[in-house]
Amino acid sequence: MIVLIDNGHGSDTPGKCSPDQKLKEYLKSREIARRLETLLNLRMVDARLLVEEDKDISLPERCRRANAYCDKYGKENVLLVSIHCNAAGADGQWKSAGGWCVYTSPGKTKADDLATEIWNAADERLKNYKERFTILQAQGAYDSKQKPMRADWSDGDPDYEARFYILVHTKCPAVLTESLFQDNKADCDFLLSEEGTKAIVELHANGIINYIKKVKNT
Ligand SMILES: [Zn+2]
């Protein structure tokens, strides 16, 4: 199995940062992607970065690169994970939404199984984050409707579904993770910490490896 790791946006994408500019999504997603590639390689998984460049690469070009792997190795032997950080607005203000979530394309595909494995791994690996979330929520860091593990259970699994370009136009199972909100101060502090970055890298690795094990056994 070849694991393609996509990282959101680029140095030339406007917006896409925390209100205080300390966290830039293109940099954080690249840091997570590079560390995830290294960790997966250490765990004997063939992981590769889809976007080595710092500048933004268009979505059609990202999909062309992914589909070239699918055509060469077989789409059942490739999977793609696109790494992002979420945002509740684009007005440069801190917001009260927070939490972790994963997206797939609409309908039931292998991507749903991959998303569920990563969601379950996140639910486990983000234990400290979840405990802190509850405390900080009581102090007003998150509004009362927010949950640390965001999910849409309406179709029986925890992923959200959306027609994101990278999910719809790739031939292999593809998921997109939104690891916390860059425009929430508490989430942003966690994302900027080594503890937070490590947890996010590891939850992706754990979920991907659990998915690959399941695919091998069927
Ligand atoms: Zn993004």
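Student: Before we start, what should I know about the numbering and the model?
Tutor: Residues are numbered from 1 along each chain as its sequence is written, and side-chain values use heavy atoms, with hydrogens and water left out. The model is predicted: local features need pLDDT of at least 70, side-chain atom pairs count only at pLDDT 80 or more, and totals for chains, interfaces and linings use all residues.

Student: At what angle do α3 and α7 cross?
Tutor: Helices (DSSP runs of H or I, at least four residues) and strands (E, at least two) are numbered from the N terminus. Axes are lines fitted to C-alpha atoms, for helices over the stretch in contact, and angles run from 0 to 180 degrees between N-to-C directions. For α3 (residues 110–125) and α7 (residues 194–216), the axes come within 8 Å and the crossing angle is roughly 135 degrees.

Student: Which orientation class does that give α3 and α7?
Tutor: Angles under 35 degrees count as roughly parallel, over 145 as roughly antiparallel, 65 to 115 as roughly perpendicular and the rest as oblique. The α3 and α7 axes cross at roughly 135 degrees. The two helices are therefore oblique.

Student: How many charged residues are in the contact of α3 with α7?
Tutor: Contact means heavy atoms within 4.5 Å. Among the residues making it are Lys 110, Asp 113 and Glu 117 of α3 and Lys 198 and Glu 202 of α7. Ala, Val, Leu, Ile, Met, Phe, Trp, Tyr, Cys and Pro count as nonpolar, Asp, Glu, Lys and Arg as charged, and the others, Gly among them, as polar. The contact of α3 with α7 has eight nonpolar residues, four polar and, for the class you asked about, seven charged.

Student: How does α1 lie against α7, and how many nonpolar residues does their contact have?
Tutor: The axes of α1 and α7 are 9 Å apart, at an angle of about 50 degrees, and that makes α1 oblique to α7. Residues that meet include Ile 32, Leu 36 and Leu 39 in α1 and Val 201, Ala 205 and Ile 208 in α7. This contact of α1 with α7 has two polar and six charged residues, and its nonpolar ones number nine.

Student: How is α6 oriented to α7?
Tutor: Helix α6 (residues 185–192) packs on α7 with axes 4 Å apart and an angle of about 80 degrees. That makes α6, relative to α7, roughly perpendicular.

Student: Which residue does Arg 30 meet in a salt bridge?
Tutor: A salt bridge is a side-chain nitrogen of Lys or Arg within 4 Å of a carboxyl oxygen of Asp or Glu. Arg 30 is in helix α1 (residues 25–42), and its partner, 24 residues apart, is in the loop between β2 (46–49) and α2 (59–73). At 3.6 Å, N to O, the partner of Arg 30 is Asp 54.
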